[in-house]
Amino acid sequence: MKNLLLLLVCCFAVLNMRAQDTPRTPAILPRPDFHFKGQVGRTYLESDPAQFPQMVQAPKGAPNILMILIDDCGFGQYSTFGGGVPSPTMDKLAADGLRFNRFHTTALCSPTRAALITGRNHHSAAFAGITEAATGYDGYTCILPKSCGTVGEVLRQNGYATAWIGKNHNTPTWELSQAGPFDHWASGLGFDYFYGFNAGDMNHWNPILYENHNLVPASTDPNYYLTTDLADHAISWVREVKSIAPDKPFFLYVAPGATHAPHHVSQEWIARFKGKFDKGWDAYREETFERQKAAGVIPQDTKLTPRPESLPAWDGLNADQKRLYAHMMEVFAAYGAECDYEMGRIVDAVKQLPDADNTMIIYIAGDNGASAEGGIEGSLSENLFFNGFPEKWQDNIKAIDELGGPKHYNHFPAEWAWAMNTPFQWTKQVASHFGGTRNPMIIDWPARIKDKGSVRSQFLHVIDITPTIYDVCGITAPTELNGIQQKPIEGLSFAYTFPKDSVNAKSHRGTQYFEMAVNRGIYYNGWMASALSFAPWNPNRENFDPDKQKWELYNIDADFSQANDLAQQNPEKLRQLQDLWWVEAAKYNVLPIDWRAVIRLNSELMGRPSLIKGRTTMTYYPGTVGVPDAASPPMLNKSWTITADIDVPANANGMIVTHGGLEGGYGLYLRNGKVNFVYNYLGKERPTFTAKTALPQGKTQIAVDFKYDGGGIGKGGSLTITANGKEIAGGRLEKTVPIQFGLGEGLDIGEDVGSPVDFTYKLPFAFTGKIEKVVIKLGTSGLTRMEELQVEDAKQQMAKGDQ
């Protein structure tokens with residue numbers, strides 16, 4: 001017995017020595033400045049030999065990390081988790097690694113991404129919603145706090161090469177222009193290299209991209225496609241870094257725009273899915289449900305949740321509706337499949353590197369569930385949704401053969417989004433239910449994961465990714481970063497799920513709150529309380545009382561899909577979880593809860609910071625292009641005048657000034673010397689005013705004067721165009737864009753960057769003459785500080801009146 005005790009004591013001593021000998025990265029970053037510690041004499045001859053500071057080395061054995069985050073993707077979307085969209089890249093990774101079927105996001109993009117790269121809850125990281133809907137409360141500013149250092153910054157200061165490719169939706173809108181500041185661009189968030197877009201979504205045919213801080217010129221390749229371009233740059237970067245510094249690990253974060261709207265993809269890809277969705281969304285869910293059980297990604301006793309009453313049954317549609325909606329799903333499936341293919345090119349490139357076995361690949365299929373923002377009847381322009389307008393299928397079917405192409409910002413109907421989230425209820429935006437928050441995740445790491453092809457079912461959240469990375473890399477989460485005391489990491493490492501014997505390991509996470517636009521949820525030790533606020537396909541939020549919100553209760557240890565509401569059977573448990581939700585909400589900056597929707601997208605009405613706030617006259621010079629919408633003149637719901645001083649050559653052509661693109665905006669341009677002004681009303685109408693005669697050669701001042709009718713938002717007005725003071729064209733705009741011109745395009749002078757405002761010219765449509773300057777003067781509208789209730793009422797009346 002004594003010998004046994006002695007042996008145990010010796011073992012513990014050895015383990016303790018090993019733990020003490022294991023090098024730890026510093027808890028305070030950056031490391032102190034170098035200081036020579038040797039003897040310094042009068043000359044170098046009398047001094048100790050010089051010593052240079054050494055480059056920071058990552059912890060020995062630290063893995064490379066490739067992290068892929070697909071956009072707007074449902075649990076039942078891709079084939080790897082039983083869906084109908086082929087995903088061979090995910091299949092290969094899942095066969096070599098692990099699938100996680102209880103991984104959760106926040107139900108919306110910017111919040112999930114903030115939580116992902118910081119390891120803190122989205123309200124703690126000030127991202128209660130998307131950047132375009134920020135308000136002035138701590139949890140809602142969408143300004144990533146310096147106390148929430150990113151995984152990119154921490155890895156970079158611990159010897160990693162870091163890159164961010166694709167979507168950045170974590171920069172405040174008022175900081176997106178070329179004037180900076182760049183603290184909250186990818187470069188300011190710890191990433192050595194950035195190539196991608198700074199917006200919630202992006203046109204895949206005519207994107208506005210940045211490389212680090214520089215606007216990327218439009219491609220001249222007629223077959224250009226955004227996801228391919230992103231994959232090319234990811235592959236180029238990782239190969240270059242590993243060629244130059246093979247011993248330096250990398251962190252490559254790839255966030256494609258797919259499968260977020262617009263559903264842009266080539267006709268060649270679309271043709272592969274012809275007829276595959278003719279059975280409709282109800283049949284799709286049933287078939288996916290059976291495939292999920294067969295694949296083992298849901299328990300065999302899972303119940304398929306029913307279709308919401310507000311969504312129509314497939315069998316109740318007419319033949320034309322079925323034809324349109326089936327094709328919209330074909331387009332979406334092609335879009336998703338093409339995305340997985342391009343991600344596969346990146347994975348293959350990484351797998352070919354010398355240290356591929358020590359590369360952890362994290363593939364997350366969705367920053368939230370599939371999106372219902374296409375509305376009940378689908379959409380040709382997602383911006384209509386964000387301006388409060390539903391669409392009619394009778395209009396959309398006219399463009400059926402153009403879907404996926406460059407003329408539309410198309411989005412499938414909400415019913416297909418619901419189907420993509422099989423077997424769960426609801427969709428993106430709905431944080432109360434798993435249709436909005438449960439996303440597939442796959443992790444492949446040959447050096448560490450040996451239980452190939454297995455499924456893990458521990459309850460995880462997106463905030464757990466960053467601490468897991470720190471854990472497996474041997475990196476200490478800093479308590480102080482760049483002179484700022486850090487908030488504690490709120491996520492938990494789930495590296496304990498990697499070993500073979502961890503299949504049945506107990507979840508380390510006991511509590512997790514959820515909230516998005518007052519869709520509320522709280523998980524606690526196997527139970528989930530859920531409270532829905534609004535159906536996500538309804539952009540108009542009426543008066544709401546959170547105290548009258550209906551709560552549901554689920555035992556998710558026994559009810560994987562949230563199919564059995566136990567609220568009435570167990571009111572005590574429900575009350576316990578409701579009270580706990582408020583405790584967590586107060587703890588993590590969730591309060592005050594805010595259910596407003598579309599109106600929060602209007603920067604003026606919300607009072608967000610702005611580079612153009614308070615200015616009524618703005619002067620622009622040639623070469624000013626790619627100005628983001630948030631830094632462009634706010635020309636909605638008011639009178640305005642555009643004055644352009646130009647030098648006209650013979651047969652002049654080209655854009656003088658434009659704001660927006662295919663989703664909405666305006667353009668002032670010359671064609672064969674004639675002045676044209678086009679107003680794009682959300683892609684639905686493009687009234688154009690054209691001068692009858694060409695301008696004479698020489699210096700000319702063109703003015704476009706718009707007199708707003710007033711009396712609410714989205715109203716019309718009279719428009720007059722003059723050249724050197726003489727009227728040359730004009731008329732009426734019967735209605736104008738109420739909330740925003742577009743989702744990612746702003747002002748250009750002298751050419752059209754991004755998508756065209758109409759399709760009568762070829763990009764970039766550079767002006768063939770000379771532009772001295774363009775001056776925009778804004779009138780007042782009476783809406784800037786209107787009482788919120790008045791604005792909301794006007795918005796609702798506007799939406800009703802458009803139908």
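T80 is a buried residue, with a relative accessible area of 5%; buried denotes under 20% relative accessible area, exposed over 50%, and partly exposed the range in between, for a 1.4 Å probe and protein chains only. The model is predicted, so local features require pLDDT of at least 70 and side-chain atom pairs count only at pLDDT 80 or more, while totals for chains, interfaces and linings use all residues. Residues are numbered from 1 along each chain as its sequence is written, and side-chain values use heavy atoms, with hydrogens and water left out.

T80 is located in the loop between β2 (64-69) and α2. Helices (H or I, at least four residues) and strands (E, at least two) are DSSP runs numbered from the N terminus. The side chains of T80 and S87 are joined by a polar contact of 2.8 Å. Such a contact is a pair of N or O atoms within 3.5 Å; within protein, one must be able to donate a hydrogen and the other to accept it, and residues adjacent in sequence count only if both atoms are side-chain atoms. Apart from neighbours within four places in sequence, T80 is in contact (heavy atoms within 4.5 Å) with S87, M90, D91, A94, R99, V297 and I442.

In helix α2 (residues 88-96), the buried residues are T89, M90, L93 and A94. These residues lie on the same side of α2, because they cover an arc of only 125 degrees around the axis, the arc being that of the directions from the helix axis to the C-beta atoms. The buried residues of α2 pack against β3 (98-100), α8 (319-351), β10 (359-364) and β11 (441-444).

The largest nonpolar core has 171 residues, of which L252, W416 and F498 touch the most other members. A nonpolar core is a set of buried Ala, Val, Leu, Ile, Met, Phe, Trp, Tyr and Cys residues joined through side-chain atoms within 4.5 Å. A second, separate core of 46 residues includes I656, V675, L719 and I749.

There are 43 aromatic pairs in the structure. Rings of Phe, Tyr and Trp (its six-membered ring) pair if their centres lie within 6.5 Å; planes under 30 degrees apart count as stacked, over 60 as edge-to-face and the rest as tilted. Two edge-to-face pairs are listed below.

| Pair | Centre to centre | Angle between planes |
|---|---|---|
| F100 and F494 | 5.5 Å | 70 degrees |
| W281 and W416 | 5.6 Å | 80 degrees |

F100 belongs to strand β3 and F494 to the loop between β15 (484-485) and β16 (511-516), 394 residues apart. Both F100 and F494 are buried. W281 lies in helix α7 (residues 281-295) and W416 in helix α11 (residues 414-420), so this pair ties together parts that are 135 residues apart in sequence. W281 and W416 are buried as well.

E373 is situated in the loop between β10 and α9 (382-386). E373 is buried, with a relative accessible area of 4%. The side chains of E373 and Q429 make a polar contact of 2.8 Å. Not counting residues up to four places away in sequence, E373 touches E382, F385, F386, H411, K428 and Q429.
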